[in-house]
Amino acid sequence: MNLTLHVWRQKNAAARGRFVTYPASDVSPDMSFLEMLDVVNEALIAGGEDPIAFDHDCREGICGTCGMMIDGQAHGPRRATTACQLHMRTYRDGDEITIEPWRADAFPVVKDLVVDRSAFDRIVAAGGFITARTGSAPDGNAVPVPKAAADLAMDAAACIGCGACVAACPNASAMLFTAAKVSHLGLLPQGQPERHTRVRGMVAQMDAEGFGTCTNHFECEAACPKSISVRFIARMNRDYLVATLADRGEPASAEGGTG
Amino acid sequence: MELRSNVPEGPIERKWEKHRFEMKLVNPANKRKHTILMVGSGLAGASAAASLAELGYNVKCYCYQDSPRRAHSIAAQGGINAAKNYQNDGDSVFRLFYDTVKGGDYRSREGNVYRLAELSVEIIDQCVAQGVPFAREYGGLLANRSFGGAQVSRTFYARGQTGQQLLLGAYQALERQIGLGKVEMFSRHEMLDLVLVDGRARGIVTRDMVTGEIESHAGDAVVLGTGGYGNVFYLATYAKGANATAIWRAYKKGAAFANPCFTQIHPTCIPVTGEHQSKLTLMSESLRNDGRIWVPKKARDPRPPNQIPEEDRDYYLERQYPSFGNLVPRDVASRAAKRVADEGRGVGPGGFGVYLDFADAIKRLGANVIGEKYGNLFEMYERITAENPYQVPMRIYPAIHYTMGGLWVDYNLMSTVPGLHVIGEANFSDHGANRLGASALMQGLADGYFVMPYTVGHYLASNKIEKLATDHSAFRQAEAAVADRVRSLLGIGGQRSVDSFHRELGRIMWEYCGMARNQGGLETALEKIPALREQFWREAKVPGENEELNQSLEKAGRVADFLELAELICLDALERRESCGGHFREEFQTPDGEARRDDENFCHVAAWEYAGQGQKPIRHVEPLSFEYVHPSQRSYK
Ligand SMILES: Cc1cc2nc3c(=O)[nH]c(=O)nc-3n(C[C@H](O)[C@H](O)[C@H](O)COP(=O)(O)OP(=O)(O)OC[C@H]3O[C@@H](n4cnc5c(N)ncnc54)[C@H](O)[C@@H]3O)c2cc1C
Ligand code: FES
């Protein structure tokens, strides 16, 4: 099939960007979306033009490196699918496709479709961990974890950190990303000692990075390639409230963990 | 060049303990005076960087992705082994050691492998403490499964995303240290050279992949955890950016490269669909626990699988290997698939595929149970192929998946360059000629969490390491060489894309140095590769400039290195005149087509020393001796 692409081109962070139209010819339905871009890039290189820069690595939906707005949707039209796992059989001959980078103040454009998501790393550095010095761990089976808690923690931990939630949110909020990590660790007995400092640290950093607030549009869940549930946001809000009260020295009985 | 393994004396179960006592310690107050450069943030790199920083060292850590969390370890699906014996099914440290040495076809070092098996136990504890959400039983205890042909259940897993969860655990520990200021992280930085001063590894030169700036970094020790080099085959299960650049440049600075021809092919990958194919996707090998592998008995049978009756199917693994059946090791399963494809019995477009059929398992256990176990893998398969594996058998075919070869290291995981340590898939250490499933994650974390903190300290404490800054002339020279190379790549001015060269190299490697190798083929490859390399430097087209994000330039540098490494791989394969593990030389097989080792002449590690541009590298040998696991022919019949 033959398609027409409208692609955001921007030389670097400081430059002004614009849409440029390219044909994508002889696209096979078995190609992934990124393989289609590879083919377009080969043609651009052959014609002496600068190929389209886009981030990608694993190409199997797990590293979270790829990400672009495809016709206004983060990672494109298929639910629970990263751009690298979107296949061209989704499209029909003659389709026009608009491709843009994630748009968010906290994710400045680096070049074309590549953005800087280091804000996510800083949110994790601000508390998204369990302090467990190497060598100091008790036996793995010393503390049983109820299967339900472990499974729910895993649902939250499945986040790949791609940034689709931010890109899809009208407020460019990073609540889903942050809540997923807060919940993953907060659901486990091992995560209890730092539960308050974690949520406070991460939320403060999230705000400092310039992400917007959550006004319950839930576009994030719809865009998430791992279908992370917005219920984790409610869980984080509860944790945050409890943590802030505890911080003020008010007697607050934290939800007793799930240990 | 001397290859001293430095494996401590004494009974095998006491070696590591004894060594830990004998190694020198760095005084706690002095640790902060040392800077360690950690290249790579995968399981090996992130765990080492975090653990070294916890001890008080200053660490600088580098990765080429935009975040350390994206290292290729993230893609590992199946699981991680540990000799916990939680299942009470007869596992032990010794058994894991034994299985790994045997699985590696007696081409690994016993002392190293034993330590790995010993440390496996601590890894699980460490990861649980960090909050890795491993699968659990209803009583809340850790669940296990049997994996990749092991006869005990020793594999720990987190759904089909074990690598992701283990990496996030290590990444979070790393981010914590970044937050504390003990690790300085350099994302989107590619190491392009190693810097030696007075014969010791003292620094690296990197390129900032956003600005193009070429920068020097000095340290007291350098650690490489840069992953495997399987992308030399172009189509592989690796991430697109995975490369050999760091280890290749280190090789050219004097680090010996061990067993480069030991590459692993994974039997269960989704087959190629066309020219545009950019990578191959692995389907976890756990699928072989319930799926049955078959092809039609008749060559070129045109019927769709569901219309081929039982009597016309050949469940060739179950037939040839009755005791292991579909669970034979990877190399055996891969070669068997190639054999049936060569006989014209392969399935799917081009005939490069075999069926992996769940119909029986679904009948026996129900679609729900199968869905619970493999749902996400089935979904991934359907997404890629548009076929539903609940209804039609999957099609799979072998693909390049792992490299057992890598930089040579001693027991301390130090290369032949003093001060240069190599961990994870980048070294050659523990898997011999074939790696068992779920053992790479174990090795990466053993190296990072539990070996580096000791042996790097020992190196620093036993050597006088002068203060050094990046104004030393060695850095100027390395920077100039790197800048020169970047200029040459940008200046080739040809007409052919870098990808097309990479694809062609991959075809040569797969054809002549893939699942089966022979002298004639390897000699052909050794003519074709240098010719292709010359053509690359004449005809490649690398657009853009250095002072920007330039993905074509990044690719070109990596492909240029692959074009050199490929030759060494073929040379090593040619010189190893035996079959063992993943290295199958057609001239050396038993009458029934199994690998025939030659312990008399090849029971050794081959470590190659760079001899200069255009010179044939020198092959050194480290003899292997087996005191505890006596070499026998591997039999899975
Ligand atoms: C699809 C797949 C599934 C797998 N499943 C399993 C499994 O179930 N169980 C198992 O045990 N093993 C599995 N493996 C193997 C295992 O995942 C790897 O061997 C292991 O994760 C490698 O870890 P590493 O830390 O050595 O390297 P990697 O995770 O590859 O990390 C390499 C790091 O080095 C950096 N780097 C590389 N080059 C440079 C450079 N030049 N400059 C700067 N930085 C650089 C990268 O940015 C990255 O941070 C699987 C592998 C694949 C591909
Ligand atoms: S490239 Fe890894 S998730 Fe798409």
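How many nonpolar, polar and charged residues does the shell around ligand 1 have? In this predicted model, the shell divides by class into 16 nonpolar, 18 polar and four charged residues. Ligand 1 is surrounded by 38 residues in total, and the closest of these are B:Gln65, B:Ser73, B:Met191, B:Glu425 and B:Leu441. The site is shared between chains, because the residues that surround ligand 1 come from chains A and B.

Several secondary-structure elements of chain B take part in this shell. At least two residues each are supplied by helix 3 (43-55), strand 6 (189-197), strand 15 (394-403) and helix 12 (440-462) of chain B. Strand 6 of chain B gives the most, with three residues.

Oxygen atoms of ligand 1 take part in polar contacts with chain B. An N or O atom in the side chain of B:Gln65 is 2.5 Å from an oxygen atom of ligand 1. Backbone atoms also contribute: a polar backbone atom of B:Ala440 is 2.9 Å from an oxygen atom of the ligand, and a backbone N or O atom of B:Gly225 lies 3.4 Å from an oxygen atom of ligand 1. On its own, ligand 1 has 1,000 Å² of accessible area, of which the protein covers 97%.

The structure holds 16 cavities of 30 Å³ or more. The largest cavity contains about 890 Å³ of space, and this is the space taken by ligand 1. It is lined by 49 residues, with B:His72, B:Ser73, B:Gly227, B:Gly228 and B:Glu425 closest to its centre.

Helix 3, strand 6, strand 15 and helix 12 of chain B each give two or more residues to the lining of the largest cavity. Helix 12 of chain B provides the largest share of this lining, four residues, whereas strand 6 of chain B gives the most to the shell around the ligand. By class, the lining of the largest cavity comprises 21 nonpolar, 22 polar and six charged residues.

The second largest cavity holds about 690 Å³ of space. Its lining consists of 45 residues, and those nearest its centre are A:His56, B:Gln551, B:Glu554, B:Lys555 and B:Arg558. Helix 1 (33-46) of chain A, together with helix 14 and helix 16 (551-575) of chain B, supplies residues to this lining, at least two from each element. The largest share, seven residues, comes from helix 16 of chain B. The lining of the second largest cavity divides into 17 nonpolar, twelve polar and 16 charged residues.

Two or more residues of the lining come from each of helix 9 (330-342), strand 15 and helix 14 (498-513) of chain B. Helix 14 of chain B accounts for the largest share, six residues. By class, the lining of the second largest pocket has 17 nonpolar, seven polar and eight charged residues.

Strand 15 of chain B gives residues to the lining of the largest cavity and to that of the second largest pocket. Helix 14 of chain B contributes to the lining of the second largest pocket and to that of the second largest cavity.

Conventions
Residues numbered from 1 in each chain as written. Chains lettered and ligands numbered in written order. Predicted model: local features only at pLDDT ≥ 70, side-chain atom pairs only at ≥ 80, totals over all residues. Heavy atoms only, no water. Near = heavy atom within 4 Å. Polar contact = N/O pair within 3.5 Å; in protein donor to acceptor, adjacent residues only side chain to side chain. Areas by Shrake-Rupley, 256 points an atom, 1.4 Å probe, with all protein chains shown as cover. 1 Å grid on protein atoms, 1.4 Å probe; cavity = no way out; pocket = protein on both sides within 12 Å on 5 of 7 lines; lining within 4 Å. Sits in = over half its atoms within 2 Å of the grid points. Nonpolar A, V, L, I, M, F, W, Y, C, P; charged D, E, K, R; others polar. Points joined across faces, edges and corners; volume = space filled by probe spheres on them.
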